[in-house]
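Open the model in your viewer and keep the selection panel at hand.

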Amino acid sequence: MPGAPEGLYTMSLHPYSTLTPDCVLDALDSVGQHADGRLLAMNSFENRVYQVGIEETALVVAKFYRPERWTDAAILEEHAFVAELAAREIPVVDALSLQGTSLHLHAGFRFAVYPKHGGRMPEFERADTLQWMGRFLGRIHVVGAQTNFLQRPTLDLASFGLASRDFLQTGWLPPDLQAAWDSVVEQALAGVRYCFERAGDVQAIRLHGDCHAGNVLWTDDGPHFVDFDDSRMGPAIQDLWMLLSGDREAMQGQMREVLTGYEAFREFDPREMYLLEGLRTLRLIHYAAWIARRWQDPAFPAAFPWFNTQHYWQERILELREQIALMEEAPLVV
């Protein structure tokens with residue numbers, strides 16, 4: 001059901017059961033990318049991603065999109081945004097245009113092909129790294145604020161919070177923890193709602209959407225941003241808060257470094273600081289629902305064997321209780 005909140009569909013078959021190595025190679029061959037036999041499955045769960053050796057050229061990365069998650073128009077809108085960033089010489093990895101388009105279809109699978117780009121994990125504990133990240137995120141957001149997505153959703157309480165809560169009420173929790181979870185998740189969502197009320201009418205822009213360390217490749221030339229698959233409309237701080245870690249004092253210092261770089265290119269609205277812990281809370285709830293929604297995919301039980309256990313949900317309840325307290329505190333000062 002494309003266009004609906006993520007996961008509100010059922011699949012009678014595993015989504016990738018027919019995506020065999022031969023299918024991957026045939027798909028690449030169909031767009032003129034003739035593989036030399038090197039094929040490596042990369043660490044990805046939402047989509048299936050492969051590093052492929054191509055005859056007489058550099059390695060490429062082929063991304064096969066999860067069926068039914070995005071419409072073609074939404075995928076192409078993401079590609080257009082990343083291409084727009086690349087045209088401004090912002091270090092992103094954008095899809096190759098092959099045979100006149102960046103989105104292709106083979107054997108029922110939509111896919112895109114990217115140049116292989118190396119790099120290491122960024123060291124977010126370094127002040128210069130945080131400033132560097134801030135500068136490039138500021139540049140990304142300057143472009144992101146120029147127009148709106150028309151096909152992709154907005155990060156808000158309804159899509160990440162309420163929809164996730166509702167999905168998790170369909171038999172995913174141990175019966176003896178259901179009441180405790182229901183109570184704490186309602187308190188947490190009330191806290192998120194209060195965070196948005198305190199922030200007021202902040203601007204929603206086009207974002208990376210999932211800007212954690214795993215989606216940044218670092219070289220001596222600085223960061224390269226990859227995987228805009230979760231790109232959507234939302235407040236700028238969504239792309240900043242995942243750079244922070246540690247206690248309040250540590251995060252305060254880290255945010256100061258990020259904004260030193262960020263505000264060289266774009267002014268940051270300090271009201272968005274009210275959203276930091278609210279957005280973190282939404283991500284925690286959404287993440288649990290994301291695993292549950294994908295449980296029919298055999299990759300998920302193998303990767304998350306601890307999910308749906310007593311201990312897992314006890315930890316999530318404690319985690320949300322901590323977030324409820326944090327959302328009641330004064331925001332970081334900028």
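**The main core**

Start with Met133, Leu137, Trp181, Phe225, Ile237, Leu240 and Trp313, which touch the most other members of the largest nonpolar core, a set of 73 residues. A nonpolar core here is a set of buried Ala, Val, Leu, Ile, Met, Phe, Trp, Tyr and Cys residues joined through side-chain atoms within 4.5 Å. Buried means under 20% relative accessible area, exposed over 50%, and partly exposed in between, with a 1.4 Å probe and protein chains only. Two or more residues of this core come from each of H2, helix H3 (127-144), H4, H5, strand E7 (216-219), helix H6 (248-262), H7 and H9. Helices (H or I, at least four residues) and strands (E, at least two) are DSSP runs, numbered from the N terminus. A second, separate core has 17 residues, among them Leu28, Ile54, Ala62 and Leu98.

The model is predicted, so local features need pLDDT of at least 70 and side-chain atom pairs count only at pLDDT 80 or more, while totals for chains, interfaces and linings use all residues. Residues are numbered from 1 along each chain as its sequence is written, and side-chain values use heavy atoms, with hydrogens and water left out.

Next, select Leu240 and its contacts (heavy atoms within 4.5 Å). Leu240 touches Leu137, Met255, Val258, Leu259, Tyr262 and Phe268, residues up to four places away in sequence not being counted.

Select residues 127-144 for H3. H3 has 18 residues, and its first and last C-alpha atoms lie 25 Å apart, close to the 26 Å expected at 1.5 Å a residue. The expected span is 1.5 Å times one less than the number of residues in the helix. Colour the buried residues of H3: Thr129, Leu130, Met133, Gly134, Phe136, Leu137, Gly138, Ile140, His141, Val143 and Gly144. They are covered by elements including H2, E6, E7, E8 and H6.

Then move to Pro223, in strand E8 (residues 222-225). Is Pro223 buried or exposed? Its relative accessible area is 0%, so Pro223 counts as buried. Beyond four places in sequence, Pro223 touches Pro91, Trp132, Met133, Phe136, Val216, Leu217 and Trp218.

**Helix H5**

Select residues 175-199. The 25 residues of H5 should span 36 Å at 1.5 Å a residue, and the end C-alpha atoms are 37 Å apart, which agrees. The buried residues of H5, among them Trp181, Val185, Leu189 and Cys195, pack against helix H4 (157-167), helix H7 (276-293) and helix H9 (310-327). Step just past the end of H5 to Gly200, where phi is positive, about 80°.

**Helix H2**

H2 has 16 residues and reaches 22 Å from its first C-alpha to its last, close to the 22 Å expected. Ala74, Ile75, Glu77, Glu78, His79, Phe81, Val82 and Leu85 are buried in H2. These buried residues pack against E3, E5, H3 and strand E6 (205-206). Zoom in on Ile75, which is buried because its relative accessibility is 0%. Draw a C-alpha distance from Ile75 to Phe111: the two are 36 residues apart in sequence and 9.9 Å apart in space. After H2 comes Glu89, with a positive phi near 60°.

**The largest pocket**

The largest pocket holds about 1400 Å³ of space. Select Asn43, Asp210, His212, Asn215 and Asp227, the closest to its centre of the 47 lining residues. Two or more lining residues come from each of strand E3 (60-64), helix H2 (72-87), strand E5 (109-115), H7 and H9. Which element gives the largest share of the lining? H7 does, with six residues.

On a 1 Å grid over the protein atoms alone, a pocket is an open set of points where a 1.4 Å probe fits, with protein on both sides within 12 Å along at least five of seven lines; lining residues have an atom within 4 Å of a point. Points are joined across faces, edges and corners, and the volume is the space filled by probe spheres set on them.

**Two loop residues**

Finish with Glu68, in the loop between E3 and H2. Its phi is near 75°, a positive value in a residue other than glycine. Asn308 lies in the loop between helix H8 (299-303) and H9, and its phi is near 70°, also positive.
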